[in-house]
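Thanks for coming, everyone. Please have the sequence and the structure open while I talk.

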Amino acid sequence: MTILLALLLLLTAAAGAGIVLSRDPRRQILAIAGNGLALTLLFSALQAPDVAFSELAVGTAALPLLFLVALVSVRTDRKSDL
Amino acid sequence: MNRIARLTLFAVSMLVLTAATIVVATHMPTFGSHPLPYGDAVNSLVPPARHISNMVSAVNFDVRGLDTLGEEFMLVCAVTGTVVLLRGTRGEQLTSRPAGMHGRLNAPRSDAQVLTGRLLGPLILLFGLYVVVHATVTPGGGFQGGVIIGSGLLLLYLCEEYRTWRWFMRSRWLNACEGGGALVFVLAGLAPMCQGAHFLQNVMPLGEFRDLLSGGLMQIVNAGVACAVLGGFALVFLEFLEETREPRDEA
Amino acid sequence: MIALLPWLVAAWLLGIGLYGIVTSRNYIHLIGCLNVVQSATYVILLCVGYRWNAGPPIFDPHPPGTPAVDPVVQALVLTDIVIGATVAALLLALAVQLHKRKGTLDPEALRPMR
């Protein structure tokens, strides 16, 4: 087990924890983008360029934009939501 | 169930998961040193048989093409569900006209923003097209290229005004793009059966190795998947952004 | 112990994603935690198909015959990532509709229909 793979696996675990522990949806969007980036690095180190490409396009661009647009539709600046 | 019961059940299941993880992890094959028979078979048999160099695309569109057809229909169903949920309760008569944006804080776009979008947007769309077309040669394919083109269309929203963006994003074209992509996939599967071959069997000329036009039927399937993914993502973005318009007073 | 790290990280992601789903107070936050659970499956699939000192399964500069990792699991994960994002979009549409009907996104405040 090389040092690089071990560090990237730990970074992925930390990024996943970061998504769960950011309770505010507006802050969670950046955590999702960070998780996408960490997964992209891990997939590149595991010799999977196609998968890294797909995760980069989806996890850092499409998915946070989707969440952001959903939040705009919901307008969670009311006091009833967290 | 109330909160205490839910948390208790979760704690018990986490104990079971921890125990099971330790048992399974010690019995898993060693990381990186165990035989991969299916992967080795694909890596050695597919390049001379199909004349392509991207094994992942070969597995997606040719060797396990039927699974990708199922995934394609999962995508179509999810997008259809989203559109029905959002458009169905909003009403059809609002979607083809850009609405007046009463009560929405809408600062006009700055010149730098518009210029950046107009420079970068076409470049991103061209790059997405490049990724789609080079499915059989370099890392890429319909799935990745479709998502890149969909994100490029959203970049155009960020840099143009809502009215301008809505003016050139036609729902009908996106519907046709998405449904047409899935239809192309199914027809490309049925066409070999007219010649007596199996469903989705590669009966087209295979081309040269590492050429752009290699792989035969895989190119058509790849194009269909790219259209479906790009249509699906753009449609989902469009439906969510349509939600942000204030409903006009029905006179 | 370090050699077990991929499987442990996958189990950790699954566990913490489930913790987020169980203790969430906002449905949109819950959909993000579902994304974490999905990434656990990506990690475990790709780590099963890895091989030391092998290259990617794309024979562009180097000829076919060089040692390469497993392309079958990569194909599985590739389609799964895109479809997962689309299913997340469907769930977000459900959350938006829920907010329109009930005015809140808190799972604790919403009771199931009898």
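I will go through the chains, then how they touch, then a few single residues, and last the confidence.

Let's start with chain B. How many helices and strands does chain B have? Nine helices and zero strands. Read along the sequence, the pattern is simply α-α-α-α-α-α-α-α-α. Of the 251 residues in chain B, 37% are buried. Now the contacts within chain B. Take those between residues at least 6 apart in sequence: 74% of them join residues at least 24 apart.

Next, chain C. Chain C has three helices and zero strands. From the N terminus on, its elements run α-α-α. The radius of gyration of chain C is 19 Å, well over the 13 Å from the globule rule for 114 residues, so chain C too is more spread out than a compact globule. The C-alpha atoms of chain C fill a box of roughly 60 × 35 × 20 Å along the principal axes. What share of chain C is buried? The figure is 54% of 114 residues. In chain C, among contacts with a separation of 6 or more, 51% come from residues 24 or more positions apart.

Now the places where chains meet. Take chain A and chain C. Here 36 residues of chain A are in contact with 46 residues of chain C. Which elements of chain A give two or more residues to that side? They are α1 (3-21), α2 (25-45) and α3 (49-74) of chain A. The most comes from α3(A), with 14 residues. By type, the chain A side divides into 24 nonpolar, eight polar and four charged residues.

Chain A also touches chain B. There, 14 residues of chain A are in contact with 18 residues of chain B. The chain A side of that contact has eleven nonpolar, two polar and one charged.

And chain B meets chain C. On the α1(B) side, the contact includes B:L7, B:F10 and B:M14. On the α1(C) side, it includes C:W7 and C:L8. The residues of this contact divide into nine nonpolar, two polar and one charged.

On to single residues. First, A:Q47. A:Q47 is in the loop between α2 and α3 of chain A. Its phi is near 60°, a positive value in a residue other than glycine. Is A:Q47 buried or exposed? A:Q47 has 22 C-beta neighbours inside 10 Å, so it counts as buried.

Compare B:H51. Its phi is near 65°, also positive and also in a residue other than glycine. B:H51 is in the loop between α2 (37-50) and α3 (55-63) of chain B. With 18 C-beta neighbours inside 10 Å, B:H51 counts as partly exposed.

B:H51 leads us to B:E208. Leaving aside neighbours within four places in sequence, B:E208 is in contact with B:H51 and B:S214. B:E208 lies in the loop between α8 (171-190) and α9 (217-242) of chain B. B:E208 is exposed, with 9 other C-beta atoms within 10 Å.

Last, confidence. Chain A has a mean pLDDT of 87, and 91% of its residues reach 70 or more. Chain B averages 84, and 90% of the residues score at least 70. Within chain B, confidence is lowest in helix α7 (residues 162-168), at a mean of 79, and highest in α1(B), at 92. In chain A, pLDDT stays under 50 over residues 76-82. Where pLDDT is low, the predicted coordinates should not be read in detail.

Note on methods: Residues are numbered from 1 along each chain as its sequence is written. Chains are lettered from A and ligands numbered from 1 in the order in which they are written. This is a predicted model: local features need pLDDT of at least 70, side-chain atom pairs count only at pLDDT 80 or more; totals for chains, interfaces and linings use all residues. Helices (H or I, at least four residues) and strands (E, at least two) are DSSP runs, numbered from the N terminus. A residue is buried if 20 or more other C-beta atoms lie within 10 Å of its own, exposed if 12 or fewer, and partly exposed in between; C-beta atoms are placed from the backbone. Two residues are in contact if their C-beta atoms, placed from the backbone, lie within 7 Å. Ala, Val, Leu, Ile, Met, Phe, Trp, Tyr, Cys and Pro count as nonpolar, Asp, Glu, Lys and Arg as charged, and the others, Gly among them, as polar. pLDDT is the predictor's confidence in each residue, from 0 to 100. The radius of gyration is taken over C-alpha atoms; the globule rule is 2.2 Å times the number of residues to the power 0.38.
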